[in-house]
Amino acid sequence: MDHEMPQVRPLALVVDDSHLERMVAREVLEEAGLRVEEAATGVAALEAFEQFHPDIILLDVVMPEMDGFSACAALRKLPHGNHTPVLMLTGLDDLASITRAYDAGATDFIVKPFNGLVLTHRVRHMLRASKTLAALRDNEASLAHAQRIARLGNWQWDITGNTLQVSEEVHRVLDMPAKNFGGTYDEFRNMVHPEDKDRLKQAVRGALNEHQPYALDYRIVLPDGSQRIL
């Protein structure tokens with residue numbers, strides 16, 4: 001008989017210099033099915049992040065030694081800290097404080113004293129969004145890895161603006177770093193071998209007019225003068 005592995009509950013790190021505020025947040029979050037770790041200062045929060053790797057952080061703004069703004073900015077510089085959702089807990093509901101929270105890297109904010117139901121819904125929403133973004137990052141990383149192995153790249157051409165977005169592998173195929181590529185189709189077409197430009201132009205024109213894919217082998221001339229077949 002197969003036994004399903006138990007699901008690991010999300011871990012929240014609650015950072016607040018008030019023991020009472022941490023206790024209230026812990027009760028709300030544990031009631032919602034989360035595990036909870038606590039920290040009383042911004043410095044302790046950074047240490048706890050590296051120790052526990054929480055799925056979400058609830059971070060108070062006003063704290064001694066290191067306030068929430070500084071702690072959030074420091075967190076974003078840690079390995080994996082850039083992607084962890086941070087919910088700022090603030091009694092400062094003025095626009096300047098809210099703007100500063102987002103500038104520091106906060107994902108969202110909630111004004112204290114908070115409603116437990118509102119906090120629960122906000123945390124669950126942020127966790128779902130974080131999980132979705134993590135899956136997208138994994139898919140992008142897998143695609144980039146597969147493209148490197150197969151020497152394949154993908155590109156998108158915005159015909160209206162004549163801009164070209166290409167994957168990392170395309171830059172390797174073209175032997176042209178991203179910083180040296182202006183991002184236009186005309187610039188790419190200039191790399192096509194002179195004898196193949198008309199065939200490529202006709203194939204692309206047919207695809208645009210008939211809305212059909214095209215398959216075509218043609219040569220490009222690399223910056224060092226050598227040729228490569230695409």
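Asp 158 has Thr 163 in S7 as its bridge partner. The pairing of strand S6 (residues 155-158) with S7 is antiparallel and runs over four bridges, where two strands count as paired if DSSP finds at least two bridges between them. The model is a predicted one, in which local features need pLDDT of at least 70 and side-chain atom pairs count only at pLDDT 80 or more, while totals for chains, interfaces and linings use all residues. Residues are numbered from 1 along each chain as its sequence is written, and side-chain values use heavy atoms, with hydrogens and water left out.

- S7 (163-166) and helix H6 (168-173) are the elements that give two or more residues to the lining of the second largest pocket.
- This second largest pocket has a volume of about 410 Å³; a volume is the space filled by probe spheres set on grid points, which are joined across faces, edges and corners.
- A pocket is an open set of points on a 1 Å grid over the protein atoms alone, with protein on both sides within 12 Å along at least five of seven lines; a cavity is a set of points where a 1.4 Å probe fits but cannot get out, and lining residues have an atom within 4 Å of a point.
- The second largest pocket has 16 lining residues, and Gly 153, Trp 155, Phe 188, Tyr 218 and Leu 230 lie nearest its centre.
- By class, this lining has 13 nonpolar residues, two polar and one charged. Ala, Val, Leu, Ile, Met, Phe, Trp, Tyr, Cys and Pro count as nonpolar, Asp, Glu, Lys and Arg as charged, and the others, Gly among them, as polar.

**The chain as a whole**

- The protein chain holds eight helices and nine strands; these are DSSP runs numbered from the N terminus, with helices (H or I) of at least four residues and strands (E) of at least two.
- Of the 230 residues in the protein chain, 37% are buried. Buried means under 20% relative accessible area, exposed over 50% and partly exposed in between, with a 1.4 Å probe and protein chains only.
- Among contacts in the protein chain with a separation of 6 or more, 50% join residues 24 or more positions apart; a contact means heavy atoms within 4.5 Å.

**The parallel sheet**

- An open sheet is formed by five strands in the order S2-S1-S3-S4-S5, with parallel pairing.
- Strand S2 (35-39) and strand S5 (108-111) are at the edges and have a single partner strand each, so one side of each is left without a neighbour in the sheet.
- On average, neighbouring strands of this sheet are turned by 20 degrees against each other, direction ignored. Axes are lines fitted to C-alpha atoms, for helices over the stretch in contact, and angles run from 0 to 180 degrees between N-to-C directions.
- Strand S1 (residues 11-15) pairs with S2 in the parallel sense over five bridges, and Leu 13 stands opposite Glu 37 in S2.
- Helix H1 (residues 19-31) packs on the sheet and touches S1, S2 and strand S3 (56-60), its direction making about 165 degrees with that of S2.

**Cavities**

- There are two cavities of 30 Å³ or more in the structure.
- The largest cavity, with a volume of about 50 Å³, is lined by Leu 13, Ala 45, Leu 46, Ile 57, Leu 59, Ala 71, Cys 72 and Leu 75.
- This lining comprises eight nonpolar, no polar and no charged residues, and H3 gives the most to it, with three residues.
- The second largest cavity holds about 40 Å³ of space, and its lining consists of Val 61, Phe 69, Thr 90, Leu 92, Ser 97, Ile 98, Ala 101 and Phe 109.
- Helix H4 (residues 95-104) supplies the largest share of that lining, three residues.

**Loops**

- Lys 112 and Pro 113 are joined by a cis peptide bond with omega about -5 degrees, and Pro 113 lies in the loop between S5 and helix H5 (116-150).
- His 80, in the loop between H3 and strand S4 (86-90), has a positive phi near 70 degrees although it is not glycine. His 80 is exposed, with a relative accessible area of 65%.
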